[in-house]
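Visitor: Hi, could you walk me through this one? I'd like to ask things as they come up.

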Amino acid sequence: MTKLTGPALRVTIFIGENDTWHHRPLHSEIVHRAHAAGLAGASVFHGVEGFGASSRIHTSRLLSLSEDLPVAIVIVDSEDRVRAFLPQLDRLVTGGLVMVDEVEVIRYAGRNGEDGK
C-alpha cells in the first residue's frame with residue numbers, strides 16, 4: 001500500500017456512464033490504469049442527475065429515464081504521481097471534465113487500519 005499523508009492532489013473526472021474506451025466502460029479503464037500506475041486510490045460514483053457541456057440533463061427519474069447518467073471518478077495521490085498520470089487521462093477522456101485540486105490527506109489506511117508501507 002502507498003504511504004500518503006499531508007499535501008496531495010485530487011483528480012475528479014466527470015463523464016457519462018456510457019462512455020467507453022475500446023468497448024470497455026471508460027470509468028473502469030481509468031480505475032484500472034490508475035491501479036496499474038500505482039496510485040493511492042480511485043473510486044467511481046454514479047450520479048442520479050446532472051448536465052455538462054452539452055447542457056442536456058441526464059436523470060434517473062422514472063418519467064424521464066436516461067441511459068447515460070453522470071459518473072465521477074476521484075483519484076488521490078501525491079502531486080508528482082498525479083501529474084505523471086494526467087497524460088493518460090488526456091488520451092482517455094475526450095468528452096467530459098477533468099479537474100485537479102490540492103487536498104490534505106489526514107488519514108490513509110486499509111480496512112483493517114494498516115497504514116501504507
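**A chat about the chain**

Guide: Of the 117 residues of the chain, 31% count as buried, where buried means under 20% relative accessible area, exposed means over 50%, and partly exposed lies in between (1.4 Å probe, protein chains only). This is a predicted model, so local features need pLDDT of at least 70 and side-chain atom pairs count only at pLDDT 80 or more, while totals for chains, interfaces and linings use all residues. Residues are numbered from 1 along each chain as its sequence is written, and side-chain values use heavy atoms, with hydrogens and water left out.

Visitor: Good to know. How many helices and strands does the chain have?

Guide: There are two helices and eight strands. From the N terminus the order is β-β-β-α-β-β-β-β-α-β. Helices (H or I, at least four residues) and strands (E, at least two) are DSSP runs, numbered from the N terminus.

Visitor: And among contacts between residues at least 6 apart in sequence, what share join residues at least 24 apart?

Guide: That share is 76%. A contact means heavy atoms within 4.5 Å.

Visitor: Let's go to α2. What span should its 14 residues have?

Guide: Helix α2 covers residues 79–92 and should span 20 Å, and its end C-alpha atoms are 20 Å apart, which agrees. The expected span is 1.5 Å times one less than the number of residues.

Visitor: Where is the kink in α2?

Guide: At L86, shortly before the proline P87, with an angle of about 30°. The bend at a residue is the angle between axes fitted to the seven residues ending there and the seven starting there.

Visitor: Which residues of α2 are buried?

Guide: V82, F85, L89 and L92. Their cover includes β1 (6–16), β2 (20–21), α1 (26–36), β7 (70–77) and β8.

Visitor: What about α1, which of its residues are buried?

Guide: L26, H27, S28, E29, I30 and A34. These buried residues pack against β1, β2, β3, β4 (41–46), β7 and α2. Just after α1, G38 takes a positive phi of about 80°.

Visitor: How many salt bridges does the structure hold?

Guide: Five. One of them pairs R81 with D77 at 3.1 Å, N to O. D77 counts as buried, with 1% relative accessibility, and R81 is partly exposed, with 32%.

Visitor: Switching topic: where does H22 lie?

Guide: In the loop between β2 and β3 (24–25). The phi of H22 is near 50°, a positive value in a residue other than glycine. H23 lies in the loop between β2 and β3, and H23 has a positive phi of about 65° although it is not a glycine.

Visitor: Is H22 buried or exposed?

Guide: H22 counts as exposed because its relative accessibility is 65%. H23 is exposed as well, with a relative accessible area of 83%.

Visitor: Last topic, the surface. Which residues make the nonpolar patch?

Guide: F14, L97 and M99 make a nonpolar surface patch of about 240 Å². Patches are made of residues with over 30% relative accessible area and no salt bridge: like charges are joined within 9 Å, and nonpolar side chains (Val, Leu, Ile, Met, Phe, Trp, Tyr) within 5 Å. L97 sits in strand β8 (residues 97–105) and counts as partly exposed at 40% relative accessibility.

Note on methods:
Areas by Shrake-Rupley, 256 points an atom, 1.4 Å probe, with all protein chains shown as cover. Salt bridge = Lys/Arg side-chain N within 4 Å of Asp/Glu carboxyl O.
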